[in-house]
Amino acid sequence: MNQPAALPGAPGAPTSPAARRRARAVLGLTLAVGVGLPGLLFGLIVALTPLRTVVPAGWSEGQVFLLHAVGLAVLAVVLVTFGAVVSGITVWWEMRVFARMSSRVGYNRVGAGGFLQWVADAVKLLLKEDLVPADADAVLFRAAPYFVIVGFALTFVVLPFGESLVAADLNVGVLYVLSVTALVVVGILIAGWSSNSKWSLFGGMRSAAQVISYEIPAGLAAMVPVLMAGTLSMQDMIRAQGAWPWEWNVFTNPFALVAFVVFFIAQLAEGNRTPFDLPEAESELVAGYLSEYSSFRFAIYFLVEFGNLWVMSAIAVTLFLGGWQVPFVGPEVYAAARGAPGSIPGAGWWGLQVLSMVVFVVKTLAVLNLIVWIRWTLPRIRVDQMMSLCWKYLVPFAFACFVGTLFWQLLVTAAPWAARATGYALTAGFLVTAFFFLRLTLRNVSAAGDRVDLTNW
Amino acid sequence: MAQNVRAYAAAVGTTVRSIWHGMSVTLSHLLRRPVTVQYPDRTPLPVRDTLPARYRGFLEVDPAICTGCQACERACPINCIAITLEKDPANPKQRLVTQFDIDEAKCMYCGLCVEPCPTGSIQHTREFEASSADLRTLTFRWAEKPFPVYKVAKDATYYPRAPLGSILRPMLEARRWDARGPEFLPPEPPKVTPDAPPRAPGAAGAAAPSRAAAGKEHKP
Amino acid sequence: MERLILRRLQADGEEMILNFGPQHPSTHGVINFMVETDGEVIRKAIPDVGYLHRSIEKIGEQVGYPGFMPFTDRIDYVAAMFPNEGYAIAVERLLQVEVPPRAQWLRAISCELCRIASHLISVGTMAMDIGAFTPMLHGVRERETVNDLMEALCGSRLTYNYHRIGGVAFDLPEGWRDRTLRFLDHFDRFLVEFDRLISFNEVFVKRLAGVAIIPAPLAVDYGLSGPNLRGSGVDFDLRRDMPYAAYPHFRFQIPVGKGFVGTVGDAFDRFYVRCLEMAESSKIVRQALESLPDGEYMAKVPRRIKPEPGEAMSRVESARGEMAYYVVSDGTEKAARVRVRTGSFTAMGIVDAISPGLMVADLVALIASLDVVAPEIDR
């Protein structure tokens, strides 16, 4: 009785002209939001970041200052919007990947491929009632989400999207990132305390303990590429690496490989991702420090959590995986295309910038996928086990890598071929490992009597 | 907590190995077809046709072969079947079933009524899609028109039942999601005010009880 | 009831008392735990049950013997064949009716498939409570196939109402046997993959090994049964030690906890005993399908079941423990008393004994490893 008219014919194929038009409209809207919105934002980033250093001929100082200030303001808005949009798209991607991994079809109704579901979720969250508990500290309860989102948004200032596509290439970039992500701890603590609920307090303190403890191995592991590059600036660190995998930091130094693993794990913990998501565990009693938040304030926390995936991945890519370096394009190519400094560069240069940004985005998405994949494979670690993991395993390993890199750098200065040889060896080792892993994966499929089948989206 | 080097290295080793295996399993699932059947509009067949024959869906009564034995009414543990038999005024030897109501909202689809039926008149069909907005539409009245009881021949080997579902499906079609509830209760008496003339019961008054009494439990 | 518990807790002068439930994604059903904690460590956790009480035992006195069978499904709807069987055996003992062998075999087949389905939910939810969501969904996917098999067999996916007093309701449909054997082939491979995904995952093991250890004497004292008891190392299984139905004819092992990765009687033992039991059930179903005797699937019982006045008891090895029925007849068509003893209800008792000293995350692991379902507790 409730059977809709779409049944005869291919499953899922709309049959009536009106339904077909509707499906096309939905697809168009999805592409507009899914490709258009990030594309627009990326385009703005590409356009605005280098232009801030441009000094048009004949303008007065005041006019140039005004131009740069406006450009900066627009860029700031673009970057924060980018953070929010990428957070939503990450939610969509994560849910689709999780669904497929658990033999389900995920979101696939709202928008083509379910892409607009995050928009719907965001709108739903915004439309909820904004509750502030009666006994909560009025000012701090309202302020806590803003600490968290400021800590998140500030990291975009130094993210190197491309060769010249960084909002501010601070010469203390790495230090800046590590410090600014610590603002999130402040936000969490304030949230937990001001909710005036014992479970929120617990959750807040647990989460703060987790993030603070894991800052240490993260920082130590981040020092390894700093030692290798000799600089704290994000762009210079990328320039010190090469484009090919055997020139990345992670493969040219065996200690850096271990440091990458340590850094990755520590970033998972700092971002409250499984296996370290105990403070927000749904299976536990409450959502921890978030339990009293609703509507937009809650949306901010979620935005930050998923946006942090991007930030974590981007920092890992910058420090260890060669950033935006494009193969076959060295610094002389960029310089040649740049032309005279102070003038607006030609199309070739813009093309190179876009190319470098594409490389950066692809690498970031790869690491992001890894984070998502780990989330849906591993269970979560208990609080005390998390602490012992940090202090007994990660910190000693991070120290060892740091000290090892000190000696390694001496070795490399004396014998540069060691870095190249290690690069080749570790890249080959990685490829062999990946081959065995994929072979095991395909064997899993046949061992269960299944086939590789990518249908049923 | 003294931990010797071996235990430490073993801990790291088992962690790496178990993560390796776990992640390869989840990645392999990414490559396999999900088992989800996307109901209701992306199924290759209507779901009710993929259900097995014994599926205990909505009950259907074929009045043509109902013998009026009331075995189903007695077997039902929750008394959701109500049968009333009366003598036919035209023919005193013939009995008529004047009420055969099954409250499908109360029914727990256990199948205990199907077993004692001597002719197989009451059966479970494979219909399950009958959501409606009013609970009372789920009381199926199989004796809207009173029917005579079926006389079973002494040496009968089978009973000519209508195809399963053929009587039920039109009834389900008639119960659209937005259909008004049936008129089980009399309409409320008209409110007489001194100035306004009394409204005639019927269209105007009937809408009120079907909305207002929707939550009331109807005892068949 | 709540006030009594609160008073007991507050008598110690502690303040952090919180309700763990009744709406909670982690407790398996509507159960409330009143937990008194001291920071992260629990001092006392008292279960507060009754939110799902539906007077099923009282209903048993009103609907007559055959009419009560669908209600037994609702006592434990995750593994509904066991309550069916227990009730049928108890009334058959009252009526002194002998069940034909084919019916015994069909009962064993349906019960063991149901055990597989129930354990899939149990280990899946255990993994989910520990934080791994994927194994739960894989388990439910396998359970879907069992549901489909049950649907083909008796018409319903959850509340089967398949066993009858004197036998079973239907014989095997065509092609069911091959379908089941194909499923079992696939399932045996699934268990291997499941082990690789989660059972020996180091994080999972660390969460469960050595956690919530129930020593064997305590388990016996508190009346635990089923996988909870066997997880503590006590080798007792009704199917082997007090055999009923067709079980004497099958060869199968009884998995017993022996500290697979931690201590005997910890949460991992209870988890892994269930995993091993699934493999054993698969073996039993294969043997049963192979040796299925021909004949009637239902004994001749009178149309109106009116046993002589008396009482009878039956004990079946349900997925959650021992399920016992005590049926008292007073000579009429309606029972005088139907009493159900379920494994989950007794498992609630041990929470109070084991929980002091656990962390809250471990309490979640304990409750999950006891495999309680609220309908069984409250009936």
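A residue is called buried here if 20 or more other C-beta atoms lie within 10 Å of its own, exposed if 12 or fewer do, and partly exposed in between, with C-beta atoms placed from the backbone. By that count, buried residues make up 56% of the 379 residues in chain C. The model is predicted, so local features need pLDDT of at least 70 and side-chain atom pairs count only at pLDDT 80 or more, while totals for chains, interfaces and linings use all residues. Residues are numbered from 1 along each chain as its sequence is written, and chains are lettered from A and ligands numbered from 1 in the order in which they are written.

The C-alpha trace of chain C spans about 65 × 50 × 35 Å along its principal axes. The radius of gyration of chain C is 21 Å, in agreement with the value near 21 Å for a compact globule of 379 residues; this radius is taken over C-alpha atoms, and the globule rule is 2.2 Å times the number of residues to the power 0.38. Two residues are in contact if their C-beta atoms, placed from the backbone, lie within 7 Å. Among contacts in chain C between residues at least 6 apart in sequence, 71% join residues at least 24 apart.

Helix H7 (residues 176–199) of chain C shows how the burial is arranged. Its buried residues include Phe183(C), Phe187(C), Phe190(C) and Phe194(C). An α-helix has 3.6 residues a turn, so residues three or four places apart point the same way. The cover over the buried residues of H7(C) includes H1 of chain B, along with helices H5 (101–130), H6 (134–154), H8 (202–208) and H12 (267–290) of chain C.

Helix H1 of chain B also figures in the contact with chain A. That contact takes 27 residues from chain B and 30 residues from chain A. On the side of chain B that touches chain A, H1(B) gives the most, with ten residues. The residues of this side divide into 13 nonpolar, eight polar and six charged, with Ala, Val, Leu, Ile, Met, Phe, Trp, Tyr, Cys and Pro counted as nonpolar, Asp, Glu, Lys and Arg as charged, and the others, Gly among them, as polar.

One helix pair links these two chains. Helix H2 (residues 61–101) of chain A packs with H1(B) at an angle of about 95°, their axes 7 Å apart; axes are lines fitted to C-alpha atoms, for helices over the stretch in contact, and angles run from 0 to 180 degrees between N-to-C directions. H2(A) and H1(B) are therefore roughly perpendicular to each other, a label for angles of 65 to 115 degrees. Val97(A), Arg100(A) and Met101(A) of H2(A) make the contact with Thr26(B), His29(B) and Leu30(B) of H1(B).

Gln70(B) has a positive phi of about 65° although it is not a glycine, and its place is in the loop between strand S1 (59–61) and helix H3 (71–75) of chain B. Tyr109(B), also not a glycine, has a positive phi of about 55° and lies in the loop between strands S3 (95–103) and S4 (122–124) of chain B. Gln70(B) is partly exposed, with 17 other C-beta atoms within 10 Å.

Key: Helix = DSSP H or I, 4+ residues; strand = E, 2+ residues; numbered from the N terminus. Parallel < 35°, antiparallel > 145°, perpendicular 65-115°, else oblique.
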